[in-house]
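Take the sequence and the model together.

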Number of protein chains: 6
Amino acid sequence: MFFTDGKLQYPVRVEAPDPRFARMLQQAIGGVEGEIRVCLQYFFQGWAQRDPKYRDMLLSTATEEIAHIEMLSTAVALNLEGAPTSLQDEAVAQDPAMAAILGGMSAKHYLSAGLNAMPVDSDGVPFDSSHVYANGNLAADMYSNVVAESTGRVLATRLYNMTDDPGMKDMLAFLIARDDMHQQQWLAVIEELGGNEGVLPIPNSFPHDQQVQDFQHLYVDTRIGDDVMPLEGRFTSGPTLDGQGQFGIAPAEPVGDRPELPPVAPETFPQNEQLETPPATPTT
Amino acid sequence: MFFTDGKLQYPVRVEAPDPRFARMLQQAIGGVEGEIRVCLQYFFQGWAQRDPKYRDMLLSTATEEIAHIEMLSTAVALNLEGAPTSLQDEAVAQDPAMAAILGGMSAKHYLSAGLNAMPVDSDGVPFDSSHVYANGNLAADMYSNVVAESTGRVLATRLYNMTDDPGMKDMLAFLIARDDMHQQQWLAVIEELGGNEGVLPIPNSFPHDQQVQDFQHLYVDTRIGDDVMPLEGRFTSGPTLDGQGQFGIAPAEPVGDRPELPPVAPETFPQNEQLETPPATPTT
Amino acid sequence: MFFTDGKLQYPVRVEAPDPRFARMLQQAIGGVEGEIRVCLQYFFQGWAQRDPKYRDMLLSTATEEIAHIEMLSTAVALNLEGAPTSLQDEAVAQDPAMAAILGGMSAKHYLSAGLNAMPVDSDGVPFDSSHVYANGNLAADMYSNVVAESTGRVLATRLYNMTDDPGMKDMLAFLIARDDMHQQQWLAVIEELGGNEGVLPIPNSFPHDQQVQDFQHLYVDTRIGDDVMPLEGRFTSGPTLDGQGQFGIAPAEPVGDRPELPPVAPETFPQNEQLETPPATPTT
Amino acid sequence: MFFTDGKLQYPVRVEAPDPRFARMLQQAIGGVEGEIRVCLQYFFQGWAQRDPKYRDMLLSTATEEIAHIEMLSTAVALNLEGAPTSLQDEAVAQDPAMAAILGGMSAKHYLSAGLNAMPVDSDGVPFDSSHVYANGNLAADMYSNVVAESTGRVLATRLYNMTDDPGMKDMLAFLIARDDMHQQQWLAVIEELGGNEGVLPIPNSFPHDQQVQDFQHLYVDTRIGDDVMPLEGRFTSGPTLDGQGQFGIAPAEPVGDRPELPPVAPETFPQNEQLETPPATPTT
Amino acid sequence: MFFTDGKLQYPVRVEAPDPRFARMLQQAIGGVEGEIRVCLQYFFQGWAQRDPKYRDMLLSTATEEIAHIEMLSTAVALNLEGAPTSLQDEAVAQDPAMAAILGGMSAKHYLSAGLNAMPVDSDGVPFDSSHVYANGNLAADMYSNVVAESTGRVLATRLYNMTDDPGMKDMLAFLIARDDMHQQQWLAVIEELGGNEGVLPIPNSFPHDQQVQDFQHLYVDTRIGDDVMPLEGRFTSGPTLDGQGQFGIAPAEPVGDRPELPPVAPETFPQNEQLETPPATPTT
Amino acid sequence: MFFTDGKLQYPVRVEAPDPRFARMLQQAIGGVEGEIRVCLQYFFQGWAQRDPKYRDMLLSTATEEIAHIEMLSTAVALNLEGAPTSLQDEAVAQDPAMAAILGGMSAKHYLSAGLNAMPVDSDGVPFDSSHVYANGNLAADMYSNVVAESTGRVLATRLYNMTDDPGMKDMLAFLIARDDMHQQQWLAVIEELGGNEGVLPIPNSFPHDQQVQDFQHLYVDTRIGDDVMPLEGRFTSGPTLDGQGQFGIAPAEPVGDRPELPPVAPETFPQNEQLETPPATPTT
């Protein structure tokens, strides 16, 4: 069960409301790198988790993330105070700055939400929960969370750069700190699981010898041309990160041939011409 | 520019076509953990990449991924050979196994694609390119790729478990190997960038002292109740993974207060009752 | 802020796991009439609400709804215990009932979620938060909530009918009761606002005399033909529900004429033929 | 069958075309509270309706709604007359007002539609017919229609406020009047069905005694903290709106316990560590 | 304005209801090749059309298409009569055919629509109006309509093949005939516009000499390898279809070089390593 | 398999970067008429194609289209050089032109992509692969490709008109030329298949005499009213385009009657009132 105390996790202040910034903040609410996503992602991972320690950790942090959506929704509403709501009023008609604000704000903030936050991104695209990554493999889930917090923190730093409002900068500095912690939190679980050597390849429960051996540590180079530079990096030579082999590199070469598909089925109603037998391989 | 030789990267054979497996393979084509996603993701990361080494690496692997979509699309068409296309034909009406196959296959495979592959997932949901993670920060992008290959390899192992067809098992064993390599490839870049100490927190170019210090390494515990067990793990004590501090843990406590929103704007046309001043804080 | 105690609001038991029912339960999680929707809807309405009483009511119930998603996610995982994960194993191949179960379950439950719940509907379509109705007008929001709970309760009764598992029936009987309460809760607010006479037309803050008077209480009948029966009902005569007029009925008749659009703009690059002046009205 | 006379239901005039307003009008065409939605919603409800009176009423009004989409599409095309279609022409480059108009208009109106209306919302997000609520229960459907017309009328009043164009104000004053009528029309059906006492709880055909009695009229209060104000309202005491009980209120308390999920299935290929038995409940 | 007479354009009968066929029929309602799409497409093209003849033609046929959605929705409801609505009732438990039907039907038909049609495709994916092609160029629009009717007729023939029900076959035979007519109708407009010579290249109003001449009639062959067969067809030699040139063919060769992007902007917060100048071209 | 040489198919230069144009170019990348769509469409058609000539043609052109996405992605990044990334910096605050640019650019270009291209349209709506038309009938597929290239070329001409940048105009003049070639290429296949007489009606493999003869060449006129002008065109009289009949025209008249649906099923839990038998036809 869940409970609420009605208070903000961290103060949310706006000194100079800017409807354009309200729109940008939406990316942190309903964007694919936003807080609704991390919140639902940690919940669904937690509800699937059998280990009570990781279950508690996931659900506890998921619960914290609701408070982040709450903070950002509050910030959106505060930035929309006094937003222009008429195309023809004097301020908009005579002041290019106001006209620019009206052009840059989200029309839906006024039209559909009455100057409040919405569960959409900065372009008004609704959040779609296919972005909730929870596939039941703990290591895959932890890396999915690292991505959520990394893209989230990159977004928060860009929002921080976009504004000069001290209240907004303070709120974002808090969220940036939480994303720092959460990145390290999920990677700490990877470390508990043995780090690269322990978790790779994900899933580590699939019998290693059942995969095609020749291709498991080989960089396949699909580049062609006379002036291709050799690719050299940690990923082309030396031991693999799981310690189970050596990286290699080779030019791409097909092992298969042209595919042979079954003939067109008449009951799919192709054109009559498709029902005639084509030559097995094209010839001149 | 791009080129093709018309051949499969690896052989694709199906001994006993099964339309239900054709449908499941769609998840590896158009699912969020599928090959269209990784292909477009690496392309968009590559086209944005300024470092020629990483640009080449990304575009080269992106180009390989097209061949994986091609293999899977071929596998879908092969599994659809002889699929039932009538609800009332004798085989379906009298053989429960055939009836089950017709029920478990994708109707769209016949109705919309004429017994061929589609860029959709196993439920017929079209691929949506918001899943192409490419945010311009190299470390965030690399972790996004680790997720793509981890979820992709987990999916491939489950598909491997689902079938007994030797051709399909062989094809999947190849893809499982490639996903192994690619996981290690992206993590090798993280290692080139200095590993956890070098890349954390992502982005590492944001001035560290501008985030709220008190909260940057603190596990916030939102759990309540008499029987809550203490949470102890790598993420609650000891040095953080970037080596810049110590993990801590503390019960959740609001730093903020109840939010104070501006009054409802009359031009949003609320109900008249909303325009009356409510009490600043609820009282009994 | 938000907190959790790690416990289920109401017990969730499954005696005879059925993966097909797991799939159907998804509709109550990620369907448009599901619990993610009501949860987010009440949160966003609450975070926008200025009246502390309604704010508290909305946020308190939103917080309860997380527990419902938790219950349903648990129910899905329990129903997936022992689900078939191979097309060719003996049970599936020889037992038509098992084959039917495999055909009727969600492939993604195994392939993408490792036999756990997902934030999608019973067809695997992800929840899309455009269904979060929160437009800032209290009466419109309350009716949106009545719809959420009405469609939710209809769904729950159909799920109740679909299963004979006593544990599932008990869980659904609880959710059906909560949806009953919540329907009445939102309509009680309508009553607090004065019932139909008080809230209609929504928004009641728009000056009534600025709408086109002739059409505000008139049923426009677009039906034609010799055998059209007269329409008689509460909506064609008698006082309107807001007590401000009388219902009427009249056959549809255009007040406008054929629209006159501006000529095609050459810079939209139409076909050349479209740039020639067409006759103002078609003639023979 | 359906027929058309080629004329507008109500005149559509634009004196001063404004491409920004064209974009905002899109919300009333393809937004979730727009006319495509109501049109399709009434059609699908009507085509499912067995009672000829309600069937005729629904289909007749659905047919009227096509005319509303037609009016709005005409209004969009008229507002796009003379819209800027070049970033560098003199007017745009030298006149900040023109620049603001170009910034605030929909690029797709020019790029994809040749200065005409599209079935998208004001942010260019396409209409998605999951918003067509038609679940077969008459009362649920009627409330869904009340929501459609309430959110639609709120939107129309905001659009009315946004413009000073007399033609547009007149058109919107007509649509606002129709939304008034339609709100009352659907609530009139609720009254025909017996009002709150008759229709609640929806569906009223589910045996009342099969829901969990203790929770059916109880406001569950999930708020915690020392300074929580008591919640008092029509929804916490007094008779319920269906006359079948008394409202109550109680603090949230879990009836269930920590969920017990089945062990992780090895064939889902989790990490090896997940296959080890975790402790049944976390302990220190 | 629009009107209705309440009758079906063509009779809809079902002798042996089959819920699986109900699900397949959904593709013809809400699939991308379905009737909602053609209906909305012709409406939006018509509302944008300035030539009264084409406007009337488009709106008249759009109005006919509503009747097709109506027929199909009726057919869905008729096929759902007697559908199984319980996982455990005797028929389902003991009769593998019934079990297969329950597995193959759409759960949402029962759960969300009460055994009625929905505006979704055969996989329950909602129709999304980005498929309404109406770009303001008459020739492009006509070809979009040819596609709508061609894919629609292919779908209808496959549905015809799927069923043996005489009523359903009769209804589909009618729809197949209408799609025949409509294909020819839109191509007749192409002929009115001068056929291939008149309409190509679309748009024909763009000054022909402003496109890059060398590439306008050249098949660019991206195939490589020793065993590539020469490509010979109507599209590699002879006059182009607009009579303005000759087809040619040439192997793909880049005219451009490696792209030179601007340096990474520090305010995008990349990793620090990305801010160091990389070598202009990769070297060994 | 696929290969890359790392070079642009055609040079991409930008003299005066404009972030607003960057946003508009997105329509050509991720719009429904954009290059991702054509690329995936030709790939999926090619992977399904049995005739080696058409297979090679499709895959070869699909491979070319990747290079077009690459060019456009490069153009987007170049146009984003120097884009404003702060709401409050001096340039934005004091220069209305800069303010307009910030308002008209895509916030996501900065916030989510770090000033790089994304697989979304000009409104930030992600590409959705349901727009990949590949239904297995060659003629239907070819017309789908004509639409892709026609709408693509119309878009490219509008983008050409929107900019004065010589580099961008040159790049677009190249793409406009390729779209010209590709339109003619797909229509050349139609000609190889026999032109209108050969391909119509699509599919031409469905037995012609099984469709309802009376309606196959008849324009059904749904227009009513006293002042309806007669419709006369190539589509109302004369031979049909497939040479198999004569066009005709007739006013719409229902052949069917009011539909008779089965009674409401009690297990769908309608309102009790719906379970009472309604009159078979409405009477006064």
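C:Ile66 lies in helix 3 (residues 52-79) of chain C. Helices here are DSSP runs of H or I with at least four residues, strands are runs of E with at least two, and both are numbered from the N terminus. C:Ile66 is buried, at a relative accessible area of 3%. Buried means under 20% relative accessible area, exposed means over 50%, and partly exposed is in between, with a 1.4 Å probe and protein chains only.

This is a predicted model, in which local features need pLDDT of at least 70, side-chain atom pairs count only at pLDDT 80 or more, and totals for chains, interfaces and linings use all residues. Residues are numbered from 1 along each chain as its sequence is written, chains are lettered from A and ligands numbered from 1 in the order in which they are written, and side-chain values use heavy atoms, with hydrogens and water left out.

What does C:Ile66 touch, leaving aside its neighbours within four places in sequence? In chain A, C:Ile66 is in contact with A:Phe2, A:Phe43, A:Trp47 and A:Ile66. In chain C, the contacts are C:Cys39 and C:Phe43. Contact means heavy atoms within 4.5 Å. C:Ala97 is 31 residues from C:Ile66 in sequence and 35 Å away in space, C-alpha to C-alpha.

A:Phe2, A:Phe43, A:Phe44 and A:Trp47 form one aromatic cluster. Over all chains, the structure holds 66 aromatic pairs. Rings of Phe, Tyr and Trp (its six-membered ring) pair if their centres lie within 6.5 Å; planes under 30 degrees apart count as stacked, over 60 as edge-to-face and the rest as tilted.

In chain D, D:Phe2 and D:Phe43 form an edge-to-face pair, with 5.4 Å centre to centre and 90° between the planes. D:Phe2 lies in strand 1 (residues 2-4) and D:Phe43 in helix 2 (residues 35-48) of chain D, so the pair ties together parts that are 41 residues apart in sequence. D:Phe2 is buried at 1% relative accessible area. D:Phe43 is buried too, at 3%.

F:Lys169 lies over the face of F:Tyr160, at 4.2 Å from the ring centre. C:Lys169 lies over the face of C:Tyr160, at 4.3 Å. A charge sits over a ring if NZ of Lys or CZ of Arg is within 6 Å of the ring centre and within 35 degrees of the ring normal.

For E:Cys39, the nearest cysteine sulfur is that of D:Cys39, 7.7 Å away. E:Cys39 is buried, at 6% relative accessible area. The sulfur of F:Cys39 is 7.7 Å from the closest cysteine sulfur, in B:Cys39, which is too far for a bond. F:Cys39 is also buried, at 6%.

A:His182 lies in helix 8 (residues 166-192) of chain A. A:His182 is buried, at 1% relative accessibility. Its side chain makes polar contacts with the side chains of A:Glu64 (3.3 Å) and A:Glu149 (3.4 Å). A polar contact is a pair of N or O atoms within 3.5 Å; within protein, one must be able to donate a hydrogen and the other to accept it, and residues adjacent in sequence count only if both atoms are side-chain atoms.

Helix 8 of chain B shows the geometry. Its 27 residues (166-192) should span 39 Å at 1.5 Å a residue, and the end C-alpha atoms are 39 Å apart, which agrees. The expected span is 1.5 Å times one less than the number of residues. In this helix of chain B, 22 of the 27 residues are buried. B:Asp165 caps the N-terminal end, with a side-chain oxygen 3.0 Å from the backbone nitrogen of B:Gly167. After helix 8 of chain B comes B:Gly194, with a positive phi near 110°.

Definitions and conventions. Disulfide = S-S within 2.5 Å.
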